[in-house]
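Have the structure open as you read along.

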Amino acid sequence: KTRMAYQSRKQRERIRYPAFLLRQVRFVGAPVWLLQGFLLLCAFLLFGFGDIGAVSNLAPRHLPVLLGCFAVFIAMSSIPFIGRSAQYRMLETEMATRISIPRLLLSRIFIIGVGNAFLLTVSFLLASTKAELGAGSIALYLLLPYLIACCGCLYIQAYAHCRQQGFVCTAFCFSLTTLLFILYKAAPVVYEQASVGIWSILCGICVVFFVIGIYRLLDKAASFNLSTNGI
């Protein structure tokens, strides 16, 4: 009977992905983008045009660490939303409504990613207007901490206990910002132009781990999908 029920459910018409994505924008996009809008305001206050931004009163050597820390906070905007279903034990409810958990996660990652990409781009453009650094260096100072934070959160979501995921992700991101400040104070050479090549290599490695992390998270969701359906 269970198999017959599953097969009959499988034969029912499923929502097409564009329509499904629009529904997720309605339920997930608004709170995510509201939080990211607050970060956008912070970006203008920190890196704003002309003499408005707080960076105007700081030495240019402070900019790399500020960019890195801000990028980590951008990544943190996804923490309350990626694993929300598991944290609040809503997976079974979402399964009952014929929602594919991997597709749901992928949609949320896409929605959050669009906002994060916009934030990173705005931060890059604002910092470029007042920084003596090259555009490539500014991009690296944003991307590497962002990718490290995203990779850490993805692997935590994939392997940590559901109730602990949000706390562990937040602790990881705050630890990363602390590490960035420690490196800035103890080993400032890390933020000098001579280290840009190393930052580029690390970015490439992080991109690979980022893709693997998304695959691991989706694979975990697919496994839950199958186990819930009794397969």
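At what angle do the axes of helix α3 and helix α7 cross? In this predicted model, the axes of α3 (residues 63-76) and α7 (residues 101-128) cross at roughly 165° and come within 10 Å. Angles over 145 degrees count as roughly antiparallel, so α3 is roughly antiparallel to α7.

**α3 against α7**
- The crossing of these two helices, α3 and α7, is right-handed.
- On the α3 side, the contact is made by L63, L67, F70, A71 and I74.
- α7 brings N116, L119, L120, S123 and A127 to the contact.
- Sorted by class, the contact of α3 with α7 has eight nonpolar residues, two polar ones and no charged ones.

**α3 against α9**
- Helix α3 also packs with α9, at an angle of about 175° and with the axes 10 Å apart, so α3 is roughly antiparallel to α9.
- V65, G68, C69, V72, F73 and M76 of α3 take part in the contact, together with α9 residues including C173, F174 and L180.
- This contact of α3 with α9 has 11 nonpolar, three polar and no charged residues.

**Nonpolar cores**
- The largest nonpolar core has 41 residues, and those with the most contacts inside it are F47, V65, L67, V72, Y146, C173 and Y191.
- Elements that give two or more residues to this core are α2 (17-47), α3, α7, α8 (135-159), α9 (165-186) and α10 (196-228).
- Leaving aside neighbours within four places in sequence, Y146 is in contact with A71, I74, A75, N116 and L120.
- Another core lies apart from the largest one and has 10 residues, among them L105, A158, I214 and L218.

Methods. Residues numbered from 1 in each chain as written. Predicted model: local features only at pLDDT ≥ 70, side-chain atom pairs only at ≥ 80, totals over all residues. Heavy atoms only, no water. Axes fitted to C-alpha atoms, helices over the stretch in contact; angles between N-to-C directions. Helix = DSSP H or I, 4+ residues; strand = E, 2+ residues; numbered from the N terminus. Parallel < 35°, antiparallel > 145°, perpendicular 65-115°, else oblique. Left-handed = near helix turned anticlockwise from the far one by under 90°. Contact = heavy atoms within 4.5 Å. Nonpolar A, V, L, I, M, F, W, Y, C, P; charged D, E, K, R; others polar. Core = buried A, V, L, I, M, F, W, Y, C linked by side-chain atoms within 4.5 Å. Buried < 20%, exposed > 50% of the residue type's maximum accessible area, 1.4 Å probe, protein only.
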